[in-house]
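Visitor: I'm new to reading protein structures. Could you walk me through one, feature by feature?

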Amino acid sequence: MKVSSTPLAFLLFPLASSAFKLPFTLETIKTRFESIELPQFIKKYADPISTSPLLSLHKSLIDIPSITGNEREVGQWLSNYLISKNFTVETQSVSEDGERFNIFAYIGQNRTTHTLVTSHIDTVPPYIPYRVSSGSIYGRGSNDAKSSVAAQIIAVEELIASSTIHEGDVSLLFVVGEETTGDGMKAANELGPAWKTVIFGEPTENKLAVGHKGIIMFDIIAEGRASHSGYPELGVNANSHLIRALYNLENAKLPSSNLLGESTMNVGKIEGGVAANVISPHAIASVLVRVAGDLDETLAVIQKSVQNLPVEIKLLGVTYGPQVLDYDVEGFQSIVCSYGTDVPNLHGEHKKYLYGPGSILTAHSDNEYVLKSDLFEAVAGYKKLIKESLWPTKRVPSIIEKTVLVEEEVVIPVEAVSSSASIKETEAAKPEGVEPKTSVDGEL
Ligand SMILES: *[C@@H]1O[C@H](CO)[C@@H](O)[C@H](O)[C@H]1NC(C)=O
Ligand SMILES: *[C@@H]1O[C@H](CO)[C@@H](O)[C@H](O)[C@H]1NC(C)=O
């Protein structure tokens with residue numbers, strides 16, 4: 001019987017490698033770089049992160065924790081970075097004590113630029129440290145939205161370096177508070193300038209978002225009266241009222257739209273009562289609706305479905321209707337998003353683009369990551385969007401015609417009328433003419 005030597009060598013290798021120290025480790029190679037001038041390609045190979053302006057900026061941003069409410073340190077670091085790159089930097093206080101601030105940066109003196117490029121510097125909790133694993137970068141904010149922040153800045157830096165853009169063309173805005181109340185972007189309305197185009201950075205898988213759903217967040221509160229459960233006629237059971245209200249709500253038909261599809265509802269939290277042998281005196285449920293149809297109609301349906309019950313609906317801060325975005329730039333795939341953004345918090349008549357690296361499906365998760373290749377692609381994507389906003393060349397119609405073609409009694413789905421190149425390709429592949437949409441739920 002012939003025994004192959006390979007398995008044996010394999011078993012012995014770990015022993016051998018710990019017994020003999022190789023003359024060069026990655027550390028000694030790195031140390032030598034400090035003193036010896038080596039070709040750039042070797043440096044890049046040995047340390048791809050710190051030799052890449054994009055990847056090192058991205059890393060620095062992730063290295064500084066910036067959970068909503070604690071954005072100060074990352075804000076200070078980013079201000080200094082932008083100043084070092086010769087931007088004029090303004091900080092805008094968002095909290096009373098000035099600890100939390102937005103960063104507004106532009107070239108030279110002109111702050112009323114044509115285009116604004118913006119994203120947020122806060123993240124959801126908990127902090128997760130930076131980690132690279134082959135083609136992916138992990139860590140809190142690696143995707144949502146420090147990948148957008150880094151790619152946007154590098155895109156603008158490169159356009160300045162190539163003398164493509166100048167003073168008055170583009171400004172950068174990085175806000176706090178996006179993950180909770182949007183207080184940063186709401187404050188940004190006080191900055192002054194009205195921009196013609198605003199490019200928002202959020203994880204869209206480097207696709208151009210055609211729109212995202214709105215939000216209605218509310219509590220349903222039922223008040224009862226406690227009594228011995230053996231004598232229910234002496235009390236009023238708040239839990240029973242809440243159960244009926246939630247049943248009605250879950251069975252209500254919420255308005256939908258052709259662009260964004262169905263509205264969805266999540267009864268995320270229910271609390272009620274005190275004990276099994278006590279008639280429940282109090283019950284409350286927290287509900288979030290992702291609004292695809294008309295906001296007022298949706299609110300009316302919600303009210304109507306509980307109108308005959310002794311419950312109260314209490315709207316909680318975040319309420320806005322569906323957001324329709326611009327996507328009239330050729331060469332991008334499109335995506336429909338179900339998550340909330342800062343788009344509705346910035347008022348004005350500007351064009352709105354929503355685009356960024358990474359997928360919302362991993363954002364906010366323990367496994368949040370972005371592909372390195374997506375980061376680089378996003379720099380190219382942002383440069384293209386910025387250039388198209390300033391000098392439109394390849395516009396395709398943004399308006400989705402609500403026309404129903406009656407030829408041969410065939411009703412063409414609304415999505416099929418849209419005319420970007422990528423959509424046309426999918427149409428050909430899918431004879432029913434339905435554009436495949438990625439619809440995702442994630443952050444608020
Ligand atoms: C810095 O910005 C000013 C104003 O835009 C410009 O005149 C100057 O050339 C820039 N300096 C460098 C080193 O880029
Ligand atoms: C600033 O830039 C805007 C947009 O490019 C331009 O319309 C405006 O005239 C500029 N303002 C000044 C003072 O140069």
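Guide: Let's go through sheets, a helix and a ligand shell in turn. Keep in mind that this is a predicted model.

Visitor: Okay, sheets. What holds strands together?

Guide: Backbone hydrogen bonds pair the strands of a sheet, and the pairing can be parallel or antiparallel. Here, one open sheet has three strands in the order 4-5-16, with antiparallel pairing.

Visitor: Which strands of that sheet stand at the edges?

Guide: Strand 4 (131-133) and strand 16 (369-371) do, and each has a single partner strand, so one side of each is left without a neighbour in the sheet. From one strand to the next, the twist averages 20 degrees.

Visitor: How many bridges join strand 5 to strand 16?

Guide: Three bridges link strand 5 (residues 136-138) with strand 16. To find your place there, look for Ser136, which sits opposite Leu371 of strand 16.

Visitor: What lies across strand 5 and strand 16?

Guide: That's helix 10 (residues 372-390), which runs at about 65 degrees to strand 16.

Visitor: Are the faces of strand 14 covered or open?

Guide: Both faces are covered. Ser334 and Val336 are buried on one side, while Ile335 and Cys337 are buried on the other.

Visitor: Now a helix. Which residues of helix 4 are buried?

Guide: In helix 4 (residues 53-63), the buried ones are Leu54, Leu55, Leu57, His58, Leu61 and Ile62. Looking down the axis of helix 4, you'd see its buried residues within an arc of 165 degrees, so they line one face of the helix.

Visitor: What do they pack against?

Guide: The buried residues of helix 4 pack against helix 5 (72-84), helix 6 (146-161), helix 10 and strand 5.

Visitor: Why does Ile270 count as partly exposed?

Guide: It's a matter of counting neighbours: a residue needs 20 or more other C-beta atoms within 10 Å to be buried, and 12 or fewer to be exposed. Ile270 has 15, so Ile270 is partly exposed. You'll find Ile270 in strand 10 (residues 264-272). Ala283 is 13 residues away from Ile270 in sequence, and their C-alpha atoms are 7.5 Å apart in space.

Visitor: Last one: which residues are around ligand 1?

Guide: Asn86, Ile107, Gly108 and Glu167. Sorted by class, that shell has one nonpolar, two polar and one charged residues.

Definitions and conventions. Residues are numbered from 1 along each chain as its sequence is written. Chains are lettered from A and ligands numbered from 1 in the order in which they are written. This is a predicted model: local features need pLDDT of at least 70, side-chain atom pairs count only at pLDDT 80 or more; totals for chains, interfaces and linings use all residues. Helices (H or I, at least four residues) and strands (E, at least two) are DSSP runs, numbered from the N terminus. Two strands pair if DSSP finds at least two bridges between them. Axes are lines fitted to C-alpha atoms, for helices over the stretch in contact, and angles run from 0 to 180 degrees between N-to-C directions. Two residues are in contact if their C-beta atoms, placed from the backbone, lie within 7 Å. A residue is near a molecule or strand if its C-beta atom, placed from the backbone, lies within 6 Å of it. Ala, Val, Leu, Ile, Met, Phe, Trp, Tyr, Cys and Pro count as nonpolar, Asp, Glu, Lys and Arg as charged, and the others, Gly among them, as polar. The arc is that of the directions from the helix axis to the C-beta atoms.
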